[in-house]
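Please have the sequence and the structure open while reading.

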Amino acid sequence: MRDTPFLVVDVELLEQNLAGMAAHARRLGLALRPHAKTHKTVEIARRQLAHGAVGLTVATVAEAEIFADHGIDDLFIAYPVWAAGPRAERLRALADRVRLRVGVDSIEGVRMLAASRAVVTVAVEIDSGHARSGVAPAEAAAVASVALDAGLGVDGVFTFPGHSYAPDRRAAAAADEQRALQTARDGMLAQGIPCPLVSGGSTPSVEHTAPGLLTELRPGVYPLLDAQQWELGSADPGRIALTAHATVVSRRGRRVIVDAGNKALGADRLAFATGFGRLPDHPEARIVALSEHHATIELPETAAVPALGTVLRLAPNHVCSAMNLADRVVAVHPDGREEEWAVAARGANT
Ligand SMILES: Cc1ncc(COP(=O)(O)O)c(C=O)c1O
């Protein structure tokens, strides 16, 4: 018995999710390079590679350093890395021991990266509709050309169709992604710049990825899944492999309080979310309020109200945030055996 709250990975579901995405990428003829910022866990990364992933995607130099320390030697920092100050030296040291690709989305960023003298290749980030980082598709060739002139290898282009995180936008975001990447790649080819890499993917949109243009998929959330994916329709609740176990500590009418708040679950709540997480075993319940150490769960008239002391399983809204709050997770194997996995890259934000 453990004191609550704690995070549990159901290894059987994890393996099913890993196998499912690996098969999807194979069917489409795409390399799979999962985003490891979701789990930050060496054990899950190794399982992804065992299922055929070509390497990992990460968000920061620090995440890359930690996975490199654990022998993972093909990494893509899918982020417009600003290679100034100590980060330049860290990039150089990292690139000496792993195969490293880095995202760029400005000419200034490219020049900074070249000045760091890190032996990296670059991929130009394209904005395909998420309106975050990334250049307009037609500008990819200009950034790539400066990178080549500065002596950097150019792999191609990538995008994150993050606008798939909205009701009924999954297929449309995949179509936007396809269009934007096509324009960017064609623009590079028209300038005589080879573009062997065309990389995209988000967990909500990958189901709608069309074959033929992309060469690489980078979903992150798919091994564990969460309440957001459930509510978007990109995951059945029975496939959610990561839950927080929490105890009912207080009870008022049709509401119970459990001992997992935003310090265990994370505070994410996108506009479409029906609450602060969901309960896979009580789909009718809603988490109507969240403070640091309390989640308030409301049950409808039709459901029994759990007794004080009951341990409930909560799926966080956004699994990446929940993982980043935990030092370790409890991995439960199909035979009931339990193991603790360190969240090795937790807080590796630099
Ligand atoms: C650049 C980039 N690539 C891939 C992903 C993975 O997508 P998802 O989290 O939807 O699985 C993310 C997630 O934020 C991302 O920012």
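Helices (H or I, at least four residues) and strands (E, at least two) are DSSP runs, numbered from the N terminus. The model is predicted, so local features need pLDDT of at least 70 and side-chain atom pairs count only at pLDDT 80 or more, while totals for chains, interfaces and linings use all residues. Residues are numbered from 1 along each chain as its sequence is written, and side-chain values use heavy atoms, leaving out hydrogens and water.

Start with the lining of the largest pocket, to which S4 gives the most, with 3 residues. Helix H3 (61-69), strand S4 (74-80) and helix H10 (319-323) are the elements that give two or more residues to this lining. A pocket is an open set of points on a 1 Å grid over the protein atoms alone, where a 1.4 Å probe fits, with protein on both sides within 12 Å along at least five of seven lines; lining residues have an atom within 4 Å of a point. In total, 38 residues line the largest pocket, and His-35, Lys-37, Ala-59, Arg-132 and Phe-160 lie nearest its centre.

The rings of Phe-76 and Phe-158 have their centres 5.0 Å apart and their planes at 80°, so the pair is edge-to-face (ring centres within 6.5 Å, planes over 60 degrees apart). Because Phe-76 lies in strand S4 and Phe-158 in strand S7 (residues 153-159), the pair ties together parts that are 82 residues apart in sequence. Both Phe-76 and Phe-158 are buried, meaning under 20% relative accessible area (1.4 Å probe, protein chains only).

Definitions and conventions. Phe/Tyr/Trp six-rings, centres within 6.5 Å; stacked < 30°, edge-to-face > 60°. Buried < 20%, exposed > 50% of the residue type's maximum accessible area, 1.4 Å probe, protein only.
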